[in-house]
Amino acid sequence: MIDFGFALTPSATLQIDNLDNKLFEQLRNIEPDVAKCMACGSCTASCSAGNYTELNLRKVILSLQRGREQDTLNSLKSCMLCGKCNIVCPRGINTRHLILSICKVYNI
Amino acid sequence: MMRERFLSGYDSFVLPFMIGMAFILVYCIAGMIKVIMQLNKEDKIKLAKSLFYPANAFKNLRDIFADCIFHVKIWKRNKLLGYMHSSIAFGWLMLIVIGHIETWIYIPQRSGLLYYPVFFRYFMSVESYTLRGSFFFFLMDFFLLMVLSGIFLAIFKRFRSKILGMRRTTKLTLLDYIGLYSLWAIFPLRLISEGFTAGISGGSFLTIPVNWLFANFLSKPENFDYTWWAYSIVLGVFFIVLPFTRYMHIPAEILLIPMKNAGIKVRHPRKGMALAQLYSCSSCGLCIDACPMGTQKKNLKDSTVYLVRQIKRRNETRTREISDKCLMCGKCAAICPVGVAACDLRLAVREEQKCNIHGDYTYLKSVVPDLNKQNDRGEDKVLYYAGCMSSLTPVISRSVVKILDKAGVNYELMDKDGSICCGRPLLLAGKKEEAEALIAKNREIIHNSGATTLLVSCAICYKIFSEEYSLEGIKVIHYTEYFESLAKQGKITLTKGSSRYVYHDPCELGRGCGIYDAPREAISRIGELVPAEKEKKDSICCGGSIGSLTLSYTERGHITQYAVNNLIINTPDKIVTACPLCLKTFSKYSDVKVIDFAEALSQQME
Ligand code: SF4
Ligand code: SF4
Ligand code: SF4
Ligand code: SF4
């Protein structure tokens, strides 16, 4: 990569070898649909809590897949379980239950 | 004239009956004490009030008779099924009561013995018929015939349940079968025994012919000892297996009815009120047919009767699965003849799930919606809460605003810059504490707004606002009722068009809050209202309910399709709903146009 001498965000390069996705596999076991997410962001766009906080379900799912859960996990606490993300998800993911399962597996 | 045949007034054949009777009495009394002890203090006081205030006590008695003896609710569903239940219950009760009266009249010194009235015909012999005696004989035979006819229907139903208006019945357990067969056997055996002895003890139109038959076919009438033994044994067996079978609902309901009337709620999935309900379930299976999840065969075992069974068996995994799947549409609870509060039980299971997830809503502190706090003119002010779901269906709030403007109402929008969820979804997920946080915040906003009326257009919000918010001095009203009243008062003018509408009762609004008529009246003003196949109390959930935690997208789709088919049976032009979630859900699957209630009205508004 060309180094321009500045960057907007810190490097997000993944070291696949160091990736610890045990928890994510566990999550996938009970919530297989999480693999269906195509990161479209519809959930985030419709989120009730997202109006007031950093909560971004799309980002949460991505960060879990990348084993960087610490970046986003805490934001889930502001979810009101309103279920709007569930209605809009074009992949038919039961996001509401996914959120509950994430909390269980990642123990937040 | 009657005389005792035995000086002792006892024969060892009564033993099986007595053992069974003693067992069931002890069991029921212990169970009753257990249930009452498990109630919290507040509920105990409520129950005591319900039992001892004369007006309440009268109501309890009336309900016990209507529900346990005459089975009024079942009559309303299906006459034959109603006859089956009430003939057995009422006939049996009368046999017991008249048996006691007979004993008390003819041989008062024996009236303290439990078995005596039951086996009265064995112990007595008749010397001469009197009018009074014949009257009793007639009554006893009459009620025996009544019970027998009910039993006959029950046997018939086992094999042909469709005729009695049921598609599916419950799978019975082994003990249920033992109870069932002994129940079937009790009264035919009673007939044979009393028939056998009718030559000595007397009888009437039923027992005397039986006696003649036996006299002609069987040479030795002394053999009747065996039939009395058999009669006593099946009674004993029935009583002993009773607590472990569906028939436990008979005694349990007698306790449940006063508890229900006292307004006691389920607080724990296995204790107190829940325990009384678990035992009151008769496994009748009506809830299986009622449940919309049953559109897919694999979900049949997730209906309420199986929930009851799994809770009783303490199968935690299944209990949880069943509880999490349910749409909380309340249809099974509305149909249940004994009043098992299916949703409350499931909610109690959900609430019990211990996990360390705690929502954190401190961020709401800084949310201050820009509301015109002053209501200085001192007039009525309507605060309209569209609800978070409505942001996915903006047509609703647009139409509401249009109507409010037209009617010249003094109103303000509570959540124009984004809503804070009403808390009902959290509550339904079993997160009461978290829901409280949202409730507190919304309550604060509402109170600060100076509003006198809170108008909501979402059925889900309406339910929680009217039940959990306790907004003193502020009237909570759903837009269906509000707009109907505006139309009635002439504040808006609706013109009748040529469209045919069908109205879908959202679960939370219909069964949840009992609003069925206002929306229908309003729709009748703008066009022709055609009925759905099943509606009002029997309406079918749209499938989108936030009540279910685990139902998948495809499973929900099947339910939605089923609900749409139910609505379009009379070929309407438009389906009208009064809930943003129903609107969103139906729109995906229906070929017939689905529109919101406010939208429908505003289209026909002058
Ligand atoms: S359920 Fe949670 S994540 Fe989904 S839209 Fe509602 S607040 Fe956002
Ligand atoms: S809406 Fe569904 S597919 Fe899109 S990002 Fe959210 S979870 Fe993924
Ligand atoms: S829950 Fe009610 S409707 Fe269902 S089987 Fe039991 S008694 Fe019948
Ligand atoms: S509440 Fe509705 S979805 Fe749940 S079991 Fe009863 S009928 Fe089925």
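Across the interface of chain A and chain B, ten residue pairs are in polar contact, both partners at pLDDT 80 or more; a polar contact here is a pair of N or O atoms within 3.5 Å, where within protein one must be able to donate a hydrogen and the other to accept it, and residues adjacent in sequence count only if both atoms are side-chain atoms. The model is predicted, with local features needing pLDDT of at least 70 and side-chain atom pairs counting only at pLDDT 80 or more, while totals for chains, interfaces and linings use all residues. Residues are numbered from 1 along each chain as its sequence is written, chains are lettered from A and ligands numbered from 1 in the order in which they are written, and side-chain values use heavy atoms, with hydrogens and water left out.

Salt bridges are another matter: the count between chain A and chain B is zero, taking a salt bridge as a side-chain nitrogen of Lys or Arg within 4 Å of a carboxyl oxygen of Asp or Glu. The contact draws on 24 residues from chain A and 32 residues from chain B, with contact meaning heavy atoms within 4.5 Å. Together the two chains bury about 2,400 Å², 62% of it on carbon and sulfur atoms; buried area is the accessible area (1.4 Å probe) that two parts lose on being put together, summed over both. On the chain A side, Tyr52(A), Met80(A) and Ile87(A) lose the most area to chain B, together 27% of what that side buries.

As for elements, α4 (84-88) and α5 (95-105) of chain A each give at least two residues to the side that touches chain B, and α5(A) has the largest share, five residues. Helices (H or I, at least four residues) and strands (E, at least two) are DSSP runs, numbered from the N terminus. By class, this side of chain A has eleven nonpolar, nine polar and four charged residues; Ala, Val, Leu, Ile, Met, Phe, Trp, Tyr, Cys and Pro count as nonpolar, Asp, Glu, Lys and Arg as charged, and the others, Gly among them, as polar. Chain A as a whole has five helices and zero strands, and its C-alpha trace spans about 45 × 30 × 25 Å along its principal axes.

Within chain B, the axes of helix α1 (residues 15-38) and helix α12 (residues 273-280) come within 8 Å and cross at roughly 145 degrees. These axes are lines fitted to C-alpha atoms, for helices over the stretch in contact, and angles run from 0 to 180 degrees between N-to-C directions. Tyr27(B), Lys34(B), Val35(B) and Gln38(B) of α1(B) meet Leu275(B), Ala276(B) and Tyr279(B) of α12(B). Elsewhere, Glu194(B) and Arg190(B) form a salt bridge (3.4 Å, N to O); they sit four residues apart in helix α8 (residues 174-201) of chain B, so about one helical turn separates them.

Around ligand 4, the surrounding residues include Cys291(B), Cys326(B), Cys329(B), Cys332(B), Lys331(B) and Arg346(B), and α16 (331-335) and α17 (342-352) of chain B each give two or more residues to the shell. The ligand 4 shell divides into eight nonpolar, two polar and two charged residues.

Conventions: A residue is near a molecule or strand if one of its heavy atoms lies within 4 Å of it.
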